[in-house]
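This report walks through one protein model for a reader who is meeting it for the first time. Please keep the sequence and the 3D view at hand while reading.

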Amino acid sequence: MPATYEVIDPATLDPLGEVPLHQPEDVEAAITAAATVARTWAADREARRTALRQASEAVLAEAEDLGRILSLEQGKVWAEATQEFTVAAGLLRHYADLEWDLVETLPSRGDRSVQVQYAPVGLVGAITPWNFPISLLAVKLAPALVAGCTVIAKPSPSTPMSTRALAEVLNRFLPEHVLQVVTGRGVLSKALSEMPGVRKISFTGSTEIGAAIMAQAAPTVKKVTLELGGNDPAIVLDDADLEFTAARIAGSAFRNAGQVCMAVKRVYVPRAQSAALTEALVEAVSALRIGHGVAEGTTMGPMHTSGQQQLVKDYVARAVAEGGRIAHGGEHGTDLPGYFLEPTIVADAPHHTELVACEQFGAALPVVAYDDLDATVAELNAQEFGLGASVWSPDLERAHEVASQLEVGTAWINQHTVVELDAPFGGWKGSGLGRERGRWGLEEYLEPRTVNARPHAG
Ligand code: NAD
């Protein structure tokens, strides 16, 4: 039996349970076990599709109980945690049903034939963060499994229980060793990306660790898909309806206590509308009720770690010292001892303060006044993050014109944080490499083999 470590509830700081403290040798054993089943699993696409459909139904049926485990260890509201499992079920079903050619035949050239065959890339290491432990794993698992890959999942050390629970449901329908989970801390992190035998790393997390993974994966030339950090701006145009805009921006910015890679993390608004938009944002966030994720009536939970809570508080304090003003929030806001911060709106935030310029990933939202739209777009494009951005205006033609200039993986108009099953999601520049979702997500797990043939004689 491996040693174990304790998982805590970030709202109450109470212990929730123990999970295995796996070591690199456990990863090595999992790699060996995956190899025993790889060939048979890769051979039968219809069997894989059937297994994924069955797993999808089971996850859906148990979503609420599974969601409670996730809510307790992550902090998010129970209903949102349940939704992660329904999203996972949807992804499993989507990829099970997706039509794709195992073989493409290219136009013939004389007596030669050219075929492109698609084979699974091999063993995948799926490394996930703590903010959406289930939906972000499912967006890797579903295409990887349907492609015929085996998978070893490594969740964040602080959210292992929900990942183990999801795998337990899936493993009722998958052959043994097709999907394995390793949990632990420290030395375990690097094992999947460094060890031979793993052919691909699919990672979601911070830009810093994504860059480290590229380096760790380089000596064994592993393929990588990297979904990394973002610092999404909402760009409000001067003709926007401020009430409509504020309500939707607040809904994106404070979901999961602001710990969403593709949430609105800063708002740019024409100087003349800045005060009115701030007021409308305050009105919108005043409706939020912070508390324990599983408690009735809670609409926003704690932040997930003390480090994250402190970082956001420090950024807010420095934004205020540099000329910003707290228009709402800024306090702990509950008697619970966990990592809480009231939904915090910082008005008149200077453009270069950390709360605006860095990914703050928490329950704070800066409002930045701008004077020149073109200059603002140019400044945003000059930055390293390129995950998403939104444009807000009733004039769709004008909004499309601005959106088409943005150097981002997703440009939203009059909405934010909306993803589709069949459209690619990913980041430009420092926000990532490769794409997830739809056929683009599947292609990340396939290797093309070109078979170029000619007759033996003649
Ligand atoms: P993180 O980068 O600290 O950790 C992510 C995962 O990597 C964890 O499982 C961690 O244990 C593991 N890890 C740590 N060091 C490693 C190493 N050297 N080699 C291999 N794995 C290692 O991220 P986090 O704090 O868990 O999550 C927050 C970050 O994730 C934010 O930056 C956020 O923007 C980003 N994120 C991006 C997306 C996206 O789709 N683009 C989605 C969600 C979160």
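## The ligand and its surroundings

A polar contact is a pair of N or O atoms within 3.5 Å; within protein, one of them must be able to donate a hydrogen and the other to accept it, and residues adjacent in sequence count only if both atoms are side-chain atoms. The model is predicted, with local features needing pLDDT of at least 70 and side-chain atom pairs counting only at pLDDT 80 or more, while totals for chains, interfaces and linings use all residues. Residues are numbered from 1 along each chain as its sequence is written, and side-chain values use heavy atoms, with hydrogens and water left out.

A polar side-chain atom of Gln216 lies 3.0 Å from a nitrogen atom of the ligand, and Trp130 places a polar side-chain atom 3.0 Å from an oxygen atom of the ligand. Ser189 takes part through its backbone, where a polar atom is 3.5 Å from a nitrogen atom of the ligand. Around the ligand there are 28 residues, of which Thr128, Ser206, Leu228, Cys261 and Glu359 come nearest; a residue is counted here if one of its heavy atoms lies within 4 Å of the molecule.

Helices (H or I, at least four residues) and strands (E, at least two) are DSSP runs numbered from the N terminus, and two strands pair if DSSP finds at least two bridges between them.

β12 runs antiparallel to strand β13 (residues 344–347) and is joined to β13 by 3 bridges; Ile326 has Val346 as its bridge partner in β13. Contact means heavy atoms within 4.5 Å.

## Two nonpolar cores

A nonpolar core is a set of buried Ala, Val, Leu, Ile, Met, Phe, Trp, Tyr and Cys residues joined through side-chain atoms within 4.5 Å, buried meaning under 20% relative accessible area, exposed over 50% and partly exposed in between (1.4 Å probe, protein chains only). The largest core has 51 residues, and Val236, Ile249, Phe254, Leu277, Leu281, Ile345 and Leu365 touch the most other members. Leaving aside residues up to four places away in sequence, Leu277 touches Val236, Leu242, Thr245, Ala246, Val267 and Val269. Another core, of 48 residues, lies apart from it and has Phe85, Leu98, Leu137 and Tyr445 among its residues.

## A buried lysine

Lys76 is found in the loop between α3 (63–74) and α4 (78–97), and this residue is buried, with a relative accessible area of 2%. A polar atom of the Lys76 side chain lies 2.9 Å from the backbone oxygen of Asn131. Among the residues that Lys76 touches, not counting those up to four places away in sequence, are Glu84, Phe132, Asn256 and Gly293.
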